[in-house]
Amino acid sequence: MAGVIIIIALGAGAQSLVLGQVTKLGSNLLYVQPWHGDENGPPSTLFGITITTLTNEDADALRDTGRVPHAVAVNPSVQGTATVSWGKQSVDTNFTGTDYNYPKGVNFTLGEGQFFSEQEDRGDANVIVLGSTVADELFSGSGVDPLGQVIKIKTASQKEVGGIPLRVIGVIASRGSSFFVDQDDMVFMPLNIGEKQLLGIHYIQGIGIKVDSAEAMTQTENDIKAVLNERHHIRQDIDVDYVIRNQTDAINILGSITNALKLFLTAMAGIALVVGGIGILNIMLATVAERTREIGLRKAVGANDKAIRNQFLFEAGTLTSLGGIFGIIVGVVVSYLISLLMRALGYDWAFVISITSVALAVGVSVLTGVIFGLYPAFKAAKLNPIDALRYE
């Protein structure tokens with residue numbers, strides 16, 4: 001029974017972790033990506049196809065409240081990896097080139113300083129905002145406040161010696177992982193610096209759109225399609241060069257996956273229960289053999305088959321019920337310790353013990369005892385009292 005409770009608790013904890021990863025960045029989010037082919041298939045980049053038709057001008061068009069009225073924030077972005085250095089310290093990290101609207105669409109808190117403004121963004125100011133991990137690795141132990149310091153950032157493909165100098169204007173407070181990516185091991189700079197100076201490209205890799213309500217998600221998707229289809233001169237489905245990812249769809253898909261995982265794990269626990277039931281069957285058969293003379297004596301003084309059968313069924317049920325209670329205690333304690341361990345490792349792991357899982361564990365334990373106790377009970381009930389009394 002401990003296995004049933006632990007497995008259900010682990011499944012619920014894993015589900016809370018996965019769904020928490022999706023929702024941590026914010027709610028009511030849509031994400032437009034360059035795409036070609038089946039939108040349910042793998043991304044085009046896996047096949048070496050680079051789509052360059054999504055641009056910053058598309059993001060500007062999606063800011064038109066007359067055409068996309070429910071968009072609260074629209075922010076284009078590019079991503080990549082780079083080496084950030086300050087003095088003798090250097091860190092390999094992930095960078096995001098985005099615009100000043102990023103804080104409106106994504107949940108985060110600045111530990112100190114500020115995010116770059118619209119003026120800094122439009123003017124391609126050489127500024128950068130650091131994730132907490134990057135700030136710690138560059139400046140921890142130096143006694144220097146990161147704000148105002150000039151760091152250099154360089155990608156593997158850049159030919160410039162030393163990299164691009166950028167002034168630190170903000171440090172984001174620790175926010176953990178999201179979509180299984182460490183959000184603290186990142187840096188942010190204006191879009192044009194990331195796009196043109198670091199990556200050397202003239203297109204963007206995605207557009208994030210925050211919608212004002214969950215009810216408006218479908219309508220906003222349709223509005224986005226209308227704008228992009230017009231701008232990209234798309235007349236038929238085969239010409240579509242983008243895909244819109246809906247966070248709600250992602251949550252539903254991940255929820256289905258985790259539910260299937262829980263069902264699979266529960267089935268594994270069921271196999272363990274069958275093995276345990278076979279053990280109970282053997283124990284009860286041995287008990288019947290050891291108490292044959294007792295059964296014969298009881299039947300000789302008037303006990304009928306039903307009384308003998310019910311006695312052994314009651315004993316089997318009691319045995320498994322006591323084991324079930326002990327298993328519940330063990331299962332709850334182990335599940336709690338696992339949740340503490342996962343939280344200590346930095347995961348948002350919920351400790352979930354539902355009444356349903358406890359009731360299921362008790363019910364299954366009693367049912368297992370009854371089912372696997374039936375044969376020994378009937379065998380005991382059918383013993384001939386004369387043969388039983390002569391049994392050695």
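Q: Which helices of this predicted model each supply at least two residues of the lining of the largest cavity?
A: The lining consists of Ala9, Leu10, Ser335, Ile338, Ser339, Trp349, Ala350, Phe351 and Val352. Two helices each supply at least two residues of this lining, namely H1 (2-23) and H10 (305-344).

Q: Which element gives the most to the lining of the largest cavity, and with how many residues?
A: Ser335, Ile338 and Ser339 are among the lining residues, and helix H10 spans 305-344. The element that gives the most is H10, with three residues.

Q: How do the residues of the lining of the largest cavity divide into nonpolar, polar and charged?
A: The lining includes Leu10, Trp349 and Phe351, and also Ser335 and Ser339. The division is seven nonpolar, two polar and no charged.

Q: Which element gives the most residues to the largest nonpolar core?
A: This core has 25 residues, of which Leu30, Val32, Leu62, Val74, Ile207, Ile209 and Ile224 touch the most other members. Two or more residues come from each of strand S1 (29-34), helix H2 (56-62), strand S2 (71-86), strand S11 (206-211), helix H7 (217-231) and strand S12 (242-246). With four residues, the element that gives the most is H7.

Q: Which residues does Ile224 touch, not counting residues up to four places away in sequence?
A: Ile224 is one of the core residues that touch the most other members. With residues up to four places away in sequence left out, Ile224 touches Leu30, Val32, Leu62, Ile209 and Ile244.

Q: How many residues are in the second, separate core?
A: Trp86, Ala135, Ile164 and Leu198 are included in this core. The number of residues in the second core is 21.

Q: Is the aromatic pair of Tyr102 and Phe115 stacked or edge-to-face?
A: The ring centres of Tyr102 and Phe115 are 5.8 Å apart, with 15° between the planes. Planes under 30 degrees apart count as stacked, so an angle of this kind settles the class. The pair of Tyr102 and Phe115 is stacked.

Q: How many residues apart in sequence are the parts that the pair of Tyr102 and Phe115 ties together?
A: Tyr102 belongs to helix H3 (residues 102-105), while Phe115 belongs to the loop between strand S4 (110-113) and helix H4 (118-122). The pair therefore ties together parts whose separation in sequence is 13 residues.

Q: Is Tyr102 buried or exposed?
A: Tyr102 has a relative accessible area of 9%. Because buried means under 20%, Tyr102 is classed as buried.

Q: Which residues do ring pairs link into a cluster?
A: The count of aromatic pairs comes to seven. The cluster linked by ring pairs consists of Tyr102, Phe108, Phe115, Phe116 and Phe188.

Q: What separates the C-alpha atoms of Gly162 and Thr83?
A: Gly162 lies in the loop between strand S6 (150-154) and strand S7 (164-172), and Gly162 touches Lys152 and Lys154, not counting residues up to four places away in sequence. Gly162 and Thr83 are 79 residues apart along the chain. Their C-alpha atoms are separated by 9.9 Å.

Note on methods. Residues are numbered from 1 along each chain as its sequence is written. This is a predicted model: local features need pLDDT of at least 70, side-chain atom pairs count only at pLDDT 80 or more; totals for chains, interfaces and linings use all residues. Side-chain values use heavy atoms; hydrogens and water are left out. On a 1 Å grid over the protein atoms alone, a cavity is a set of points where a 1.4 Å probe fits but cannot get out, and a pocket is an open set with protein on both sides within 12 Å along at least five of seven lines; lining residues have an atom within 4 Å of a point. Ala, Val, Leu, Ile, Met, Phe, Trp, Tyr, Cys and Pro count as nonpolar, Asp, Glu, Lys and Arg as charged, and the others, Gly among them, as polar. A nonpolar core is a set of buried Ala, Val, Leu, Ile, Met, Phe, Trp, Tyr and Cys residues joined through side-chain atoms within 4.5 Å. Buried means under 20% relative accessible area, exposed over 50%, partly exposed in between (1.4 Å probe, protein chains only). Contact means heavy atoms within 4.5 Å. Rings of Phe, Tyr and Trp (its six-membered ring) pair if their centres lie within 6.5 Å; planes under 30 degrees apart count as stacked, over 60 as edge-to-face and the rest as tilted.
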